[in-house]
Structure formats: structure tokens, C-alpha cells
Amino acid sequence: MNVQQASFDKPAANDDQLLIDRGSLFLQRTAAVAAAAAAEAEEVDRVARFPKAAIDAAREHKLLGMLIPVEFGGFGASIHDVTEVCYTLGRACASSAMIFAMHQTKVACLVRHGSGSRYHEDLMRRVAAQQLLLASSTTEGQNGGNIRASAAAVEHGGSTISLTRNATVISYGAEADGIVTIARRADDAAASDQVLLAVTKDHYTLTRGQGWETLGMRGTCSSGFELKINGPAEMIFAEAYEKVHAQTMTPVAHFCWSSVWAGIAAAAVERAQRFIRKAARGAGGQMPPGAAHYTAAKMSLTRLRAMVASHLDLYATHEYDERALTSLDFQSAINLLKVQASELAVETVTHAMRACGLAGYRNDGEFSISRHLRDALSAPLMINNDRILSNIATASLMSGVPTTLRD
């Protein structure tokens, strides 16, 4: 198949063949992007720079617009397609993968909640045609990552609006072509009465504040900014953010993030496997001391992948069932996925490092797992796991304990 010319809008003999063609196309394009990401991963981490080659490759292969429906110029990809890309990129470069994951989460909100709005449909066409990169601005001021409460409010002036946000973190904000952000609906609105806005670069300015000198995920360039927006009122989504948050923002973010973390873990396990094989060959087949940790790493990676896959299937089954998506059981499950996946990723990478011993602990050499561990350690802190567990405690108490093995 010609990677550059392949398209999904050609008729297929049947739905199964279309899925096969689509999967093949994404595999080829993703492999090319992953190769570009892997080639610059060490430098991206070392100097904490934006992974330009990887994102340029994603643009070249039209993956930034893969979720956009075919009628708006995209590939109409599924959540399964997107998370496979996240996993593959996670194995190559965690920062590139996380940027891709955050971008696709914003695109998913645009696709699901922007239909029927001329402004948002035009933006979908631009994302597909121009491969625009969308950043996210949800963390604000001193709210500690509580994205269900906003301080800044939209100011309305007839057909135009303005907004000034103290955005403590905007990942790859300086490199993005647009920003999706949240705010209070109006000056007299409650902190939880929020709206979502999709803004292109011609309608906002960024003034850099706090820098980004971190342990891992250094290439995400998640600096703080003062974000000032001035533009048409149509930038605001018609649906309340509360609905967007429950149906799309949270589940898609947690699926994409978890897939990235699983990819990081897989890369670490692969290095550990190569180390154990090399050590065993050198010892005439005798396993090195770290072999037990390799087995533990392989087991926890299996659990991590199975967990993400099962939740993806659950979401796909109920993707357009608003009642199911907003249920206490589903919201608890999708939040616990984030908690469990992030902890398992750290556990897996730690076992992989111990399998390699000093060779894994080193910052150099073919078996170094330093970068993978530093990147994975960000996972429990992205929307802090303690905050999530505290927030869903009440919902967990209201949900019954299963009486059978299978519901």
C-alpha cells in the first residue's frame, strides 16, 4: 500500500476489509513516526526540547487529524486506533507520545461536541488539512489540578469574548497551533459552571511564566503561561463542560495516557529481555540474578495491557450511550483505570531496571532504563492519584460490591 496516497474514503468490498486496510495504513504511518521519535528521544530528554522531528512526521503522515471524520477530511479513526499509536510512540519516546495523546484528547472533544457548529466544524477541517497541533490548558492558578473548578471567567462583549487565564501548565503551548481550554461561563458563574473553548493561534497570546525543568517527560515542554484570548463567541462549545468532561475528556485522556505509559513500560521490558538474554548466553545458559525481576516485569506489563484493553472495549460498547458514560460505575472505573495503570507502569519499569541491575541504572549504555523510569514516574502525578481516589470515595461507597465473578 502506498503510505502517502492511501485513503479511507475509497469503497471497500466489505467492512472487514475496510478495517484490515485501515489497520495496515495506521501501522505503516505509525512506524514511520515512531522511527523519527526514537531517533531524537535521547536528545529531547537531555535538553528538554520539543520533539519537532516526531511531530513533523505525525503531520506528514496525517496522524494529527486521524480522529477527524472522513466528511471533514480526516480518517475517522476509532479510539482503538488512536491508543495503538499512543502505545507505539510510548515505546519510542515518551514525550512525543504524551504530546500526541494530549492532542488527540482535544481533537476527540472537538469531534464529539463540535458537530453542528460552523466554527468547530471549520476547525475540524483545518486540523485535518493543515495538521494543526492542539494543546490543552486546564490547570490554573493554585487549584492543584482540579479541572472541575475554574477561577478565570469568560467576558462577553456581544459577538466577541475575552479571557485571561493564569495557566500554570500548558504542555507544548509555545509550539501549538491552537489551545483548548476551560473557564467559568461568566463572571457571576460558579467555579463548576464551566465552558470549553477551542481557540486558534490568531486569537490568543501567551506570556511565559514558570519554566519546565523536570525529572521526566522533559520534551513535553509544559511551561506555565498567562493565556489571553480575544475572539468570536463561537469559540465556546454549546455543550456545558460538565458533559464534555464526563463523556469525552476524562475517558479519552485516561485511555491515551494509559496507552503511553504501557508503551514506556513495554520499552523497558524489552531492554530487560535483551539484557537477560545476553547475560544468560555469556553464562552458558545460567540465568542472572535479575531474571526473577524480568519475569515480574513481564507479568505486570501483561496486566497493564489487559486492563487498558478491557476498559477500551467497555468504552467502545457504550461510546454513544450518555446514560452509561455518566453512570457512577463507569466514571469510577475510568478514573481507577488512570490510577491503576499509572502505578502499574512504574512497577513494571522498576522491575525491568532491577532485572538489568547496574546496566539499567546507568544513564548510558544499551540497557539503560533511566529515561523510562523518570518518564513513568510522572504518571501518578498527572491529575494526582491521591486526588482521584479521594474524589471517587463517595461514589465507590454508593456502588454495590459484585456478588458474582462476572457482572
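# Exercises on a predicted model

The largest cavity holds about 40 Å³ of space. The model is predicted: local features need pLDDT of at least 70, side-chain atom pairs count only at pLDDT 80 or more, and totals for chains, interfaces and linings use all residues. Residues are numbered from 1 along each chain as its sequence is written, and side-chain values use heavy atoms, with hydrogens and water left out.

## Exercise 1: the cavity

Task: Find which elements give two or more residues to the lining of the largest cavity.

Solution.
- Start with the term. On a 1 Å grid over the protein atoms alone, a cavity is a set of points where a 1.4 Å probe fits but cannot get out; a pocket is an open set with protein on both sides within 12 Å along at least five of seven lines; lining residues have an atom within 4 Å of a point.
- Count next. The whole structure has 1 cavity of 30 Å³ or more. A volume is the space filled by probe spheres set on the points, which are joined across faces, edges and corners.
- Read the lining. Among its residues are Ala41, Asp45, Cys93, Arg218 and Arg371.
- Assign elements. Helix H1 (15-47), H4 and helix H11 (370-376) each give two or more residues. H1 gives the largest share, 3 residues. Helices (H or I, at least four residues) and strands (E, at least two) are DSSP runs, numbered from the N terminus.
- Sort by class. The lining has 4 nonpolar, 2 polar and 4 charged residues. Here Ala, Val, Leu, Ile, Met, Phe, Trp, Tyr, Cys and Pro count as nonpolar, Asp, Glu, Lys and Arg as charged, and the others, Gly among them, as polar.

## Exercise 2: the pocket

Task: Describe the lining of the second largest pocket.

Solution.
- Take the volume: about 410 Å³.
- Count the lining: 18 residues, with Leu67, Val111, Arg112, Glu319 and Tyr320 nearest the centre.
- Find the helices. Helix H4 (94-113) and helix H6 (241-282) each supply at least two residues. The largest share, 4 residues, comes from H4.
- Sort by class: 9 nonpolar, 6 polar and 3 charged.

## Exercise 3: two residues

Task: Decide whether Thr168 and Met287 are buried or exposed.

Solution.
- Set the cut-offs. Buried means under 20% relative accessible area, exposed over 50%, partly exposed in between (1.4 Å probe, protein chains only).
- Thr168 sits in strand S3 (residues 160-170). Thr168 is buried because its relative accessible area is 18%.
- Met287 lies in the loop between H6 and helix H7 (291-317). Met287 has 53% relative accessibility, so it counts as exposed.
- Compare contacts (heavy atoms within 4.5 Å), leaving out residues up to four places away in sequence. Thr168 is in contact with Thr139, Glu140, Gly141, Ser223 and Gly224. Met287 touches Ile276 and Ala280.

## Exercise 4: the strands

Task: Give the strand order of the open sheet of 4 strands, then state how S5 is covered.

Solution.
- The order is S2-S3-S7-S6, with antiparallel pairing. Two strands pair if DSSP finds at least two bridges between them.
- Strand S2 (155-157) and strand S6 (204-208) are the edges, each pairing on one side only.
- S6 and strand S7 (residues 223-232) share 5 bridges. Thr205 stands opposite Lys228 in S7.
- Turn to strand S5 (residues 194-200). S5 is largely enclosed by the rest of the structure because 7 of its 7 residues are buried.
- Check both faces. Gln194, Leu196, Ala198 and Thr200 are buried on one side, and Val195, Leu197 and Val199 on the other. In a regular strand the side chains alternate between the two faces of the sheet.
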